[in-house]
Amino acid sequence: MTGSTQARAMIAWREKSAAAAVICAVLLSSQARGAEVVAPDENAPALTTADSKESLQEVIVTARKRTERLQDVPMSVAAVSAQDIQKAGAISLSDLGHEVAGLTVVSAAPGQNVITLRGLSGNNTVGFYIDDTPLTIGIGNAVQLTNYVMDPALFDLSRVEVLRGPQGTLYGAGSFGGTVRYITNQPDLTETHATAKATLSDTDGGGFNEEVDGLVNVPLIPGDFGLRAMAFERDYDGYIDRYPTNPNNYLAALSGPVDHDINTEKTCGGRVALEAKPTDFFSATLAAYFQDMRLGAPFTFDSPPGTFDDPIQSRLLSEPSTDRFALYTLVMQGDLQNVHLMSSTAYSDRLVYNTEDDSKDLYFFFPQVGQVYPSPLYSEAGNHNFVEEIRASGSAGPVHALIGVFYAHAVSFGYLNWPTSAGYVPLFGNEPTYYNWNDFLDVQKALFGELNIDLLPGLQATIGDRIYRQSQRYTLYINGVFNGGGATGPTEIQSEASGTTPKYELSYHVSPDILTYATAAEGYREGGPLYPFPDTCAGDLANLGLSAAPTAYKPDTIWNYEAGAKTQWLDHRVTMNGAVYYIDWSNIQQNVTLPTCGFGFTGNFGTASSKGTELEAHYNPTDVLELSVGLAYNEAKLTSTVPGAQGHAGQPLEYAPRWMGSGSIEYTRALWDRTSAYVRAGFSAISHADANYNAQSIYYNVAGYSLLNLRLGVTRDSWQGGFFINNALNKAAETELPLSNGIDLPTQRRVSLNRPRTIGIDVRYDY
């Protein structure tokens, strides 16, 4: 490093340190000035009582890591309460995507999701949290780069918060396009209560489904020490049949034997939380969450021979999968005079096993063997993540400050094991078809903070920043026929990156019921190391303007420019919130194919833009009728690229639908003393999207679809019951065109299919 470079780096660090010192000074001075502290209260109800029967209930969120009304948060935030989740019949992250405008959940199956907000598609562009713990860190997993967002249970949640737009200041690298937070219910230290719920249903073309949920809350020492425990078990039947592949025609299937309804789901788990509050100024909550999900087969059909009218799989082998997850957290909160301190410590384990039938894929490349032979590909993807976040918040007169430090030590590991089956031994000998083992270490450190300054009554300015540094180590070993007949490694590659993500915001309360705001914020997605290239790739790299083989790809960044308003009208019977935005995306991480040497890599090439609008409205015309609607329009496209990279300028980004919308109507009526009933209809629609940039590919287009859910519910004292019809019109929705762990055929594709019409009842008792 040259002397001038060192000087610039030192000046930059001093400037950032000075900003942090200012925030610290505000926090310390608040002790002397006796300013009020508003700490995050995860026990705060998601909905508060309305002032009148016709007024809408107020929604409480902690999106800015402090408790406040949704209508007072100057950003585009949606909140789905526990009551909304139940009435919508949601059991998965994908179901929530139908309830929130602009939230795209690309789902291959339960527990296999990709989240997109505002058209910023790709791996790990949206942060996913349980309370204050990020579940996806860095690249997620080097074996399973896509579809790695899991499905935590929705039972016993306070709410789900969806923060649109980059949240780099408070939430870091994983929140490139936004953040989704599952907020759990915390122990109640004063009251004993319990809940039991049972659900039975039947799926068209499948069988019976059942789910049992239960929770108990006990104040072991009233006011000081409490326990909350919940457990759930879900057993859903499949709706796709599997036929054996015709060994003489890999695109056809034999007539039998048939495995019916193979895409089953069996999930069980629970959460236990212990909270101690020895004084009014300190509390500690220790919690553990466990989940075990087992799928009988992929939630896909093969086209051909399958169709939406006859969704069948053509396979020679069964393809079960297992997804085990455990999360342990310790949250400590306290008040030091007028400064609120909070520490969140978390450790998580996740292990995913898959078996994939690649019999047809191997035959396609080696037809000389004469017929399709069984050929399984086994995979394991795991993560061990440790996360620590410490933050402090306080106020001094017109200045409100939050400062924090963040540390993450994330290890992802796994393998792909494609052994050589007996039919291919004459061709391959004892060499494996393909074997890949890797170990990825990602260490992140960050200092972050926000200053909110009250300039005038109702007018507030916000300045925030996050200073981050990351280091990565990637170790891998590759062997087998599809590696060119030789071994690569073990090889260790390292990379580092650092930077900042500033945020600037101005908000103005025109009146107590009208908030306007304008925001400019930067977001980033972290990069990573690359494995070595062979010498034969030198020419291809030169054509990309690279004089040497890259050893890492850098973070890509966005600037989000946004203006919005949050309003309430007619004595709070109408709520209308909306936002418009423009996003400039630079140094996009793209998969680049090197045509001569046949290798590919992730590089930073090209730019993109995304612009659009979001609108949400709720209206209570009477005390018995509630109407809701959400709309999102997005135009996300490439603006420049380079030869060898995917796509060209003007093409829409992958899995970025232009239109999304949802709406509901609910009518409630008192039947007799202590008994009421309601009927609800919920509708959602999404336009088509492009799954890649090759218009000639069979994986190119994902069709749009619409869904209608109906529910009739009755409440009497502590009892609740419901009759529901999910997907009432029995629409077959193409939720993703998932890619395989092995090789994708150019002549046959796997199509992920939603659950057909499901009719059922549920009963709940609260004690």
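Reader: Hello! Are Arg66 and Glu68 buried or exposed?

Author: Both Arg66 and Glu68 are buried. That word means under 20% relative accessible area, while exposed means over 50% and partly exposed lies in between (1.4 Å probe, protein chains only). Before we go on, this is a predicted model, in which local features need pLDDT of at least 70 and side-chain atom pairs count only at pLDDT 80 or more, whereas totals for chains, interfaces and linings use all residues. Residues are numbered from 1 along each chain as its sequence is written, and side-chain values use heavy atoms, with hydrogens and water left out.

Reader: What do Arg66 and Glu68 form with each other?

Author: First the general idea: side chains of opposite charge can pair when their charged atoms come close. The rule for a salt bridge is a side-chain nitrogen of Lys or Arg within 4 Å of a carboxyl oxygen of Asp or Glu. Arg66 and Glu68 form such a bridge, with their closest N and O atoms 3.9 Å apart.

Reader: How many salt bridges does the count come to?

Author: By this rule there are 37 salt bridges. Let's look at two more. Glu161 and Arg159 form one, and their closest N and O atoms are 2.7 Å apart. Glu161 is buried because its relative accessible area is 0%, and Arg159 counts as buried because its relative accessibility is 1%. Glu635 and Lys637 also meet in a salt bridge, at 3.8 Å from N to O. Here Glu635 counts as buried at 17% relative accessibility, but Lys637, at 29%, counts as partly exposed.

Reader: Which residues do salt bridges that share partners join into one network?

Author: That network is made of Lys65, Asp132, Arg159, Glu161, Arg181, Glu389 and Arg391.

Reader: Now for the labels on strands and loops. Where does Lys731 lie?

Author: Helices (H or I, at least four residues) and strands (E, at least two) are DSSP runs, numbered from the N terminus. Lys731 sits in the loop that runs between strand E43 (719-726) and strand E44 (734-736). Lys731 counts as partly exposed because its relative accessibility is 34%.

Reader: Which residues does Lys731 touch, not counting those up to four places away in sequence?

Author: A contact means heavy atoms within 4.5 Å. On that basis Lys731 touches Ser706, Leu707 and Asn754. Ser706 shows how the fold brings residues together: Lys731 and Ser706 are 25 residues apart in sequence and 7.3 Å apart in space, C-alpha to C-alpha.

Reader: How do I read strands that pair, and in which sense do E23 and E24 do so?

Author: Two strands pair if DSSP finds at least two bridges between them. Strand E23 (residues 376-396) pairs with E24 in the antiparallel sense over 19 bridges. Strand E24 (residues 399-418) is mostly covered, as 14 of its 20 residues are buried.

Reader: How many residues has the largest nonpolar core?

Author: A nonpolar core is a set of buried Ala, Val, Leu, Ile, Met, Phe, Trp, Tyr and Cys residues joined through side-chain atoms within 4.5 Å. The largest has 37 residues, and Tyr424, Leu594 and Phe601 have the most contacts inside it. Helix H5 (359-365), E23, E24, E25 and strand E26 (459-479) each give two or more residues to this core. E26 gives the most, with three residues. Apart from this core lies another, of 32 residues, among them Val80, Leu135, Phe155 and Tyr182.

Reader: Last one: how many cavities of 30 Å³ or more does the structure hold?

Author: Rolling a probe the size of a water molecule over the atoms shows where empty space is left. A cavity, on a 1 Å grid over the protein atoms alone, is a set of points where a 1.4 Å probe fits but cannot get out, and lining residues have an atom within 4 Å of a point. Points are joined across faces, edges and corners, and a volume is the space filled by probe spheres set on them. The structure holds 13 cavities of 30 Å³ or more, and the largest cavity has about 270 Å³ of space. Its lining has 27 residues, of which Thr104, Val105, Met660, Ile686 and Tyr705 lie nearest the centre. E5 supplies the largest share of that lining, four residues.

Note on methods. On a 1 Å grid over the protein atoms alone, a cavity is a set of points where a 1.4 Å probe fits but cannot get out, and a pocket is an open set with protein on both sides within 12 Å along at least five of seven lines; lining residues have an atom within 4 Å of a point.
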